[in-house]
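Subject: Structure handover

Hello,

Here is the structure I promised to pass on. Please open it and keep it beside this email while you read.

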Amino acid sequence: MNSRDPPSKILLLIITYLPPSFPLTNDYLFETFKQYGEIKKILIFERGKTNKAFIEYYEIKHAIQARRDMMGKSITTQGGRLLIHFSRLKQLNLEVVDHTRGTQYQTHEIETQPQPQRQVQNIQKAPILIEEERKPPLIDLTQVIKLEAVDLSHASEESPTKAIMETQLKQLERILDEDYANEVARSNLNQFDEQQQVINELLAQKPSKYLKVQNIDERVTSKMLYNIFNRFGHLNALLFIKKDNSAILQFTNIDHATIAKELLNNIMFFNREIRILFHQVDNLEASTLNEEYYVGSQTKFKIVPLSKVLVFSGISDLLDIQDMVKLVGKIQEIKLEQYSIQITMVDIYEALKVISVLSEYEYKGNKINLILK
């Protein structure tokens with residue numbers, strides 16, 4: 001399972017790279033994770049820039065399936081990568097953290113046996129939402145402790161339950177501290193390993209007509225990669241390795257590979273900064289189902305510097321191109337000429353997105369001509 005603890009009904013979600021403006025709520029997590037089984041409780045809290053949440057299922061098998069399917073994925077296109085572990089909590093007690101926005105989802109079965117001294121009610125099976133008064137969805141757990149903390153010497157005078165709640169709260173806080181510390185240590189170790197790997201690869205660099213492109217966004221396809229790199233060096237073919245979000249590119253010669261590497265290395269492409277290294281390989285061929293060998297049209301373009309200005313021609317309905325470009329990237333300015341349309345994007349990153357999608361795109365039987373200006 002690659003988790004620190006054995007399977008449990010309760011999952012601990014560690015959500016990284018989530019924009020502060022994103023409205024993360026219990027209901028949002030409920031809608032995301034309910035597909036795996038019936039959810040009992042959800043609790044969101046915040047610790048620094050890392051958001052965390054507990055999700056408790058009624059059955060362990062549903063928690064296992066949810067973790068297996070959602071581990072490493074993002075809960076939104078804006079970010080929010082998930083690290084999921086089985087929690088060591090035996091049960092998610094919302095009463096001890098009643099200042100957070102804990103939500104309980106209950107299912108009531110139809111009652112079939114009459115109960116003494118009370119009226120029998122027919123209640124249809126349906127989820128009933130029980131939650132505290134509305135508060136901001138993310139609350140620093142340290143503030144909860146401050147609000148809950150009281151002088152233990154007076155706890156027994158106020159209520160015996162109060163002391164129990166305080167003990168449970170301290171136990172919860174200790175578990176969270178341990179989980180957080182372990183996660184930070186593991187993250188630092190992984191980061192060190194990745195940095196060392198990059199350093200080793202850089203030290204082994206020597207010019208080649210092959211390039212290795214890493215950190216490719218999951219939305220990018222082999223055709224989109226080909227369209228981009230073939231603009232800045234004559235590209236013969238590429239091998240797209242889906243499971244690693246990487247690709248190996250074969251150029252006509254070392255010079256073209258070097259030009260493409262210099263122009264596109266460390267550039268943002270679909271919200272990810274791609275990394276490019278020279279690569280040593282004899283030939284390209286797909287060996288597994290996770291690898292895709294792709295050869296494009298092999299059209300030879302004039303190699304020009306990066307630009308955010310695009311010129312389209314080749315079809316009669318030029319205004320239609322404007323609408324198509326708006327679907328892909330953000331436009332700054334449009335100039336309509338007799339046989340072409342010049343579109344200036346807000347930056348070169350938006351221009352690269354348009355190039356990757358619309359290069360040699362066929363529209364109403366005609367191929368769109370797209371050049372950089």
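Start with Lys-364. Its relative accessibility is 60%, and the cut-off for exposed is over 50%, so Lys-364 counts as exposed. Remember that this is a predicted model. Lys-364 sits in the loop between β18 (362–363) and β19 (366–367). Its backbone deserves a look too. Lys-364 is not a glycine, yet its phi is positive, near 55°.

Now compare another residue with a positive phi. Phe-270 has a phi of about 55°, and Phe-270 is not a glycine either. You will find Phe-270 in the loop between β11 (268–269) and β12 (272–273). Is Phe-270 buried or exposed? Its relative accessibility is 12%, and buried means under 20%, so Phe-270 counts as buried. There is also a charge over this ring. Lys-353 lies over the face of Phe-270, 5.4 Å from the ring centre.

Helix α8 covers residues 318–328 and helix α9 covers residues 348–358. Their axes come within 9 Å and cross at roughly 115°. The crossing of α8 and α9 is right-handed. On the α8 side, Met-324, Val-325 and Val-328 make the contact. On the α9 side, the contact residues are Glu-350, Lys-353, Val-354, Val-357 and Leu-358.

In which order do the five strands of the open sheet stand? The order is β13-β8-β10-β9-β14, and the pairing is antiparallel. β13 (275–279) and β14 (291–294) are at the edges. Each has a single partner strand, so one side of each has no neighbour in the sheet. From one strand to the next, the twist averages 20°. As background, strands of a sheet pair through backbone hydrogen bonds.

Look at one pairing in detail. β9 (residues 235–241) and β10 (residues 246–251) are joined by six bridges in the antiparallel sense. Leu-238 stands opposite Leu-249 in β10.

Two helices lie across this sheet. Helix α6 (residues 222–229) lies across β8 (210–214), β9, β10, β13 and β14. It runs at about 145° to β9. Helix α7 (residues 254–264) lies across β8, β10 and β13. α7 runs at about 160° to β13.

Last, the rings. How many aromatic pairs are there? The count is five. One of them is Phe-30 with Tyr-105, a stacked pair. Their centres are 4.2 Å apart, with 10° between the planes. Phe-30 is in helix α1 (residues 26–33) and Tyr-105 is in strand β6 (residues 103–107). The two are 75 residues apart, so the pair links distant parts of the chain. Both residues are buried.

Then take Tyr-226 and Tyr-294. Their ring centres are 5.7 Å apart and their planes stand at 70°, so this pair is edge-to-face. Tyr-226 and Tyr-294 are buried. This takes you back to the sheet, for α6 lies across β14 among other strands.

One more ring to find: the charged end of Arg-231 sits over Phe-301, 3.8 Å from the ring centre.

Best wishes

Technical notes: Residues are numbered from 1 along each chain as its sequence is written. This is a predicted model: local features need pLDDT of at least 70, side-chain atom pairs count only at pLDDT 80 or more; totals for chains, interfaces and linings use all residues. Side-chain values use heavy atoms; hydrogens and water are left out. Two strands pair if DSSP finds at least two bridges between them. Helices (H or I, at least four residues) and strands (E, at least two) are DSSP runs, numbered from the N terminus. Axes are lines fitted to C-alpha atoms, for helices over the stretch in contact, and angles run from 0 to 180 degrees between N-to-C directions. Contact means heavy atoms within 4.5 Å. Rings of Phe, Tyr and Trp (its six-membered ring) pair if their centres lie within 6.5 Å; planes under 30 degrees apart count as stacked, over 60 as edge-to-face and the rest as tilted. Buried means under 20% relative accessible area, exposed over 50%, partly exposed in between (1.4 Å probe, protein chains only). A charge sits over a ring if NZ of Lys or CZ of Arg is within 6 Å of the ring centre and within 35 degrees of the ring normal. A crossing is left-handed if the near helix is turned anticlockwise from the far one by less than a right angle, and right-handed if clockwise.
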